[in-house]
Amino acid sequence: MKTGRRVFLAGTLGTALAGAVSGWAAPGWAAQGQTVGTLRLDFGGATPAPAPGYVRMGTETYTEARGYGWVSAAGLGIRDRGGDAPQRDLVFGTAARVFRIGSLVPGRYRLRVLSGDLAFADHFTRLQVPGVDGGEPLPVLHPSYAQFAELTATLVVPEGGTRIDITMDSPANNWVVNSLVLEPTADPEPVRVTFTDAPIPSTWGPILVSPDPTAPLLDGHRSRSADDRVRPTGLRRGDYLRLIASEVDFWEAEQDADGAIIDPYLNREFQYSTPAFAHAAATLVAYAGRRDLLKAAALALDWSARELAERTAADSHEDFYAPMLAHAIRLLEPHVPRARAAAWKSDIGRFEPFLTYRSALGSSNWNIVAASGEALFQMMGLRTASDRFPEASFAAQGVHFDASHGLYLEGPMAYDHFPRLWLGDLIGRGYTGPYRAELTEALRRAAITSLFMQSPTGELPAGGRSAHHQWNEAEQCVTYEVFAARALAAGDSELAAYFKRGAHLALRSMLRWVRPSGEMQIVKNWMDPAQGFGYESYSSHSQYNLLAMSMLAIAYEHAATTEDVKERPIPAETGGYLLHIKPLHKVFASAGGSYVEVDTAGDHHYDATGFIRAHFSGHSPQLGSSDSLLAAPRYRVPSGPTPPTTGMGVAWEVSPGQWRHFGELDPSLTQDVVVRPTRVRGDDVRFTVRYNGDFGGGVTTVEERFAVTPREARVTTILHGYDGPVRRVVPVLSHDGRTPSTIQVQGDKVRVWQQGEHGTSRLTYDMPGATSVWVGSEEYGNHNGLMRLAVGEYAAGVGAAGITLVVAPQGNRQI
């Protein structure tokens with residue numbers, strides 16, 4: 001066991017202290033203890049067995065025959081956390097309850113009560129016991145997470161007395177008791193409380209010893225890209241500050257007198273906009289000489305630190321504040337009076353992490369953000385090194401990390417990368433605390449894996465909630481700058497160059513979406529932000545613009561040592577790989593700058609099943625189908641006609657006139673999915689994705705054969721067991737909110753092009769063998785704007801042989 005954050009007096013737990021009172025006769029229950037006259041109770045349920053030498057006590061009420069019990073058990077509960085008795089289980093309550101011990105004779109007794117919880121830190125237990133030596137109120141027991149407080153006091157049962165009533169209550173309506181010991185003693189003793197830290201169980205898999213699948217991936221890319229040259233992005237470290245400045249200058253005008261950032265469309269402070277602004281503005285003060293922003297940055301930090309300390313964050317989003325505030329305090333401290341910096345630090349020091357943050361340990365990405373910030377506070381000396389919040393959080397978060405690729409398996413693609421960026425920042429700053437080795441290895445593997453998932457245009461893969469938001473690319477900037485610096489420090493300049501290119505491509509993607517007013521579109525379309533087009537229910541113009549800037553501020557700092565690293569191609573630019581991430585049901589493949597993404601089990605609130613993305617280096621990613629169409633999207637699109645749920649997929653008749661789209665199939669209908677490579681070379685990647693199940697209309701297997709080359713992405717879909725008519729359906733961008741697309745049908749091809757400020761992009765969707773090809777007039781919304789549906793019609797029986805779609809870029813690559 002380790003010493004807790006309070007004084008630990010060894011040997012108090014489980015020690016039998018024998019005592020004697022002259023003329024004292026043992027009560028009827030005394031034979032149950034190890035020592036004559038000693039009552040030892042282990043509170044909890046009927047199972048497991050109590051601690052050795054203890055008897056089980058649940059919520060039984062007092063009887064004279066038993067000699068102890070609750071006067072009233074109403075509202076009492078029992079929990080078993082696992083582990084060792086008596087710490088593992090407990091009785092808890094919210095209202096005051098009395099525990100009675102009878103069959104006593106007058107004399108002095110030593111009372112020991114153990115209170116704590118292996119899974120929570122929000123208990124405040126107050127005991128009231130008559131006759132305590134000294135007559136002072138007993139201290140409230142408030143152990144931390146996986147910590148146990150043992151109260152020891154002596155009390156006197158007066159002449160004529162036969163029992164004691166111990167009242168348990170809580171100033172926070174949340175008390176807990178694990179064990180109670182009552183034993184005779186001769187002399188009075190001072191009241192004392194001792195604390196013991198229990199071991200925190202780890203949920204980590206064998207990431208430190210499991211085979212590393214990123215090693216052959218990276219080796220293959222090294223060999224294929226040895227002679228490759230890429231057109232440099234031309235971006236430098238200072239370009240992070242350029243975009244941050246554009247944003248901060250816009251948002252400074254939205255700051256109120258208290259320092260809060262007010263969203264211009266919601267007309268209120270939203271989530272963590274203000275601490276993100278404080279961090280971004282502080283970065284400009286520290287690195288760009290923008291002393292004109294010092295007042296705004298410090299005022300935002302004043303407000304945010306106070307909100308966190310008092311648990312009054314906008315929309316209850318305290319969990320996101322810590323890392324932003326840690327960086328803002330560090331950056332601004334040299335530029336403000338000592339008293340102001342002291343006030344910020346005082347705010348951080350006056351709240352308890354376990355009570356302030358809202359996400360349960362290990363429950364989601366929220367907890368990782370808070371824990372990363374708390375670890376930074378510890379490294380800065382603003383939180384005691386003995387505080388266990390980071391350790392407990394990281395221990396519980398291990399269950400979410402894939403023991404193979406190191407990815408964070410919460411589900412959506414954006415939330416694989418999101419928790420990793422905060423942890424990467426922490427590791428990059430020299431974190432040496434608990435789980436450093438596991439986190440470092442998981443993040444290293446995941447960073448390499450992410451390079452192979454990144455689009456050649458710099459975008460994060462599509463998939464799940466928060467997809468297509470600009471902060472998706474900002475989080476890549478952080479990860480790739482962190483690991484570029486680490487690779488260079490380790491002597492691997494080649495790997496550093498891959499990561500540097502990945503960071504710059506992500507930043508270049510973001511620069512496409514800067515509005516004339518200086519801030520960005522937060523989703524990859526040009527619709528008026530007032531519409532919230534493509535927004536999640538939790539998206540806002542303020543918080544998701546400024547979150548991205550906080551991320552870029554972190555990326556800027558980690559880029560300090562790699563400024564002169566020359567870019568080398570990322571995997572999607574060179575190609576020659578096939579990557580199947582089974583836990584995230586995603587398949588990625590690339591050949592010479594052509595890139596495809598397949599979702600083998602789409603969440604139909606966000607993605608269709610099947611072929612959902614085709615991107616080509618140098619061409620607008622939104623033009624090459626980049627997002628699914630959905631019948632019931634969870635993100636916001638205008639009301640209007642309902643599209644089918646589909647990517648670049650097929651449809652077949654399950655009854656006359658009733659069409660089933662492959663993209664809409666519930667994943668539960670799929671018995672298994674088999675991904676099989678047939679050729680993997682730099683300029684030619686071929687693979688098959690085979691879905692087996694009962695899909696209706698006689699279809700028992702959907703087989704999709706992909707062939708990706710630098711010139712095109714081709715898929716042939718075979719419907720086994722089906723002899724009816726077939727359709728190929730493809731979502732085609734009609735309007736992005738600023739620029740319409742030109743869409744033409746020429747024979748069995750659909751041509752689409754769009755003139756933009758970054759050049760003209762052209763694509764063709766070729767459906768060879770179709771009896772007719774047409775594009776519907778109805779427009780449907782998705783993340784990227786308004787889409788029309790291109791449809792190829794095929795004769796009955798063709799589906800069993802296979803129908804083909806060829807997606808190909810046309811013209812020069814200019815973006």
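Colleague: Is the crossing of α4 and α5 left-handed or right-handed?

Modeller: In this predicted model, α4 and α5 cross in a left-handed way.

Colleague: How should I read the packing of two helices, and what angle do α4 and α5 make?

Modeller: The general idea is that a packed pair is described by the angle between the two axes and the distance separating them. Here, helix α4 (residues 294-310) packs on helix α5 (residues 321-332) at about 140°, and their axes are 10 Å apart.

Colleague: Which residues make the contact?

Modeller: From α4 they include Leu294, Ala297, Ala298 and Leu301, and from α5 they include Tyr321, Leu325 and Ile329. By class, the contact of α4 with α5 has 11 nonpolar, 1 polar and 1 charged residues.

Colleague: Now for another pair: at what angle do α1 and α13 cross?

Modeller: Helix α1 (residues 214-224) and helix α13 (residues 493-511) cross at roughly 90°, with axes that come within 12 Å. So α1 is roughly perpendicular to α13. Leu218, His221 and Arg222 of α1 meet Glu494, Leu495 and Tyr498 of α13. That contact has 3 nonpolar, 1 polar and 2 charged residues.

Colleague: And pockets? How many residues line the second largest pocket?

Modeller: Empty space is found by rolling a probe the size of a water molecule over the atoms. The second largest pocket holds about 310 Å³ of space and is lined by 20 residues. Gly82, Gly83, Leu118, Pro199 and Pro201 lie nearest its centre. The lining divides into 14 nonpolar, 4 polar and 2 charged residues.

Notes
Residues are numbered from 1 along each chain as its sequence is written. This is a predicted model: local features need pLDDT of at least 70, side-chain atom pairs count only at pLDDT 80 or more; totals for chains, interfaces and linings use all residues. Side-chain values use heavy atoms; hydrogens and water are left out. On a 1 Å grid over the protein atoms alone, a cavity is a set of points where a 1.4 Å probe fits but cannot get out, and a pocket is an open set with protein on both sides within 12 Å along at least five of seven lines; lining residues have an atom within 4 Å of a point. Grid points are joined across faces, edges and corners, and a volume is the space filled by probe spheres set on the points. Ala, Val, Leu, Ile, Met, Phe, Trp, Tyr, Cys and Pro count as nonpolar, Asp, Glu, Lys and Arg as charged, and the others, Gly among them, as polar. Axes are lines fitted to C-alpha atoms, for helices over the stretch in contact, and angles run from 0 to 180 degrees between N-to-C directions. Helices (H or I, at least four residues) and strands (E, at least two) are DSSP runs, numbered from the N terminus. Angles under 35 degrees count as roughly parallel, over 145 as roughly antiparallel, 65 to 115 as roughly perpendicular and the rest as oblique. Contact means heavy atoms within 4.5 Å. A crossing is left-handed if the near helix is turned anticlockwise from the far one by less than a right angle, and right-handed if clockwise.
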